[in-house]
Amino acid sequence: MTVDVLTLSYYKREHLPRIRRMLVDVYAEVYTREAVESPFFSVERFEERLSGHASGPSWACVAGEIGGQPVGYAYGRLDSVREWHGILDPVDSSVRDYGEQGTFGLCEIMVRRPWRGNGIARCIHDELMGQRQEARASLLVDGTHPKVRALYESWGYRKVGQMQPFGDSPRYDAMVLDLR
């Protein structure tokens, strides 16, 4: 009997050149259909967003691998108040108060199709969050995907509003999770 072992690796901004191709390849596979439907999801636009996300020193990533194959990853960075510029709803002031420890913005989390439904996304997420010092995390989830939002709610995230960070992006449900 063969047992597949999930290996998780933690990366910082200085490691990005080593893993960038893997991040882009996994994104391209996961978002194939969406990229046809909207230029926002194209590989080129993702690479632009990745470069922007990784431009600061707080960028971090956890990648999962099974049998030498990348199965998914999550990455993010320290959020700033300007990140909430696309908010569409009035938001409670406590959401905009980043406090002394700040908020880690989870920019991307994805698992390749063959490995979905096995808890891998949660393992990757929890490993990344376990490395963070911030008081909370935030993420955006496409408002047309209620099952995905329900998954994040089962992890402890709560919806705090809606955002549209780019003119051609979907409307996202903005969610936060207390880490401490």
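Are Arg132 and Glu134 buried or exposed?

Reply: Happy to take you through it, with the reminder that this is a predicted model. Arg132 and Glu134 are both buried. Their side chains meet in a salt bridge, with 2.8 Å from N to O. Elsewhere, salt bridges with shared partners tie Arg149, Glu153, Lys159 and Asp173 into one network.

To put your pair in context, the whole structure holds twelve salt bridges. One of them links Asp25 to Arg21, where the closest N and O atoms are 3.1 Å apart. Both of these residues belong to helix H1 (residues 16-30), and they are four residues apart, about one turn of the helix. Asp25 has a relative accessibility of 42%, so it counts as partly exposed.

A salt bridge also joins Arg45 and Glu48, with 3.8 Å between the closest N and O atoms. Here the two residues sit in helix H3 (residues 43-53), three residues apart, again about one turn of the helix. Glu48 has a relative accessible area of 52%, and because exposed means over 50%, Glu48 counts as exposed.

Now for the rings. A search of the whole structure gives nine aromatic pairs. Among them is the tilted pair of Trp59 and Tyr75, whose centres are 5.5 Å apart and whose planes make an angle of 45 degrees. This pair links distant parts of the chain: Trp59 is in the loop between H3 and strand E2 (60-66), while Tyr75 is in strand E3 (residues 69-78), 16 residues apart. Trp59 and Tyr75 are both buried.

There is an aromatic cluster too, formed by Tyr27, Tyr31, Phe40, Phe41, Phe46 and Phe166.

Stepping back to the whole chain, you will find six helices and seven strands. Read from the N terminus, the elements follow the order β-α-α-α-β-β-α-β-α-β-α-β-β. The chain has 180 residues, and 46% of them count as buried. Of the contacts between residues at least 6 apart in sequence, 70% join residues at least 24 apart. The accessible surface of the chain is about 9600 Å², and carbon and sulfur atoms account for 50% of that surface.

Note on methods: Residues numbered from 1 in each chain as written. Predicted model: local features only at pLDDT ≥ 70, side-chain atom pairs only at ≥ 80, totals over all residues. Heavy atoms only, no water. Salt bridge = Lys/Arg side-chain N within 4 Å of Asp/Glu carboxyl O. Buried < 20%, exposed > 50% of the residue type's maximum accessible area, 1.4 Å probe, protein only. Contact = heavy atoms within 4.5 Å. Areas by Shrake-Rupley, 256 points an atom, 1.4 Å probe, with all protein chains shown as cover. Phe/Tyr/Trp six-rings, centres within 6.5 Å; stacked < 30°, edge-to-face > 60°.
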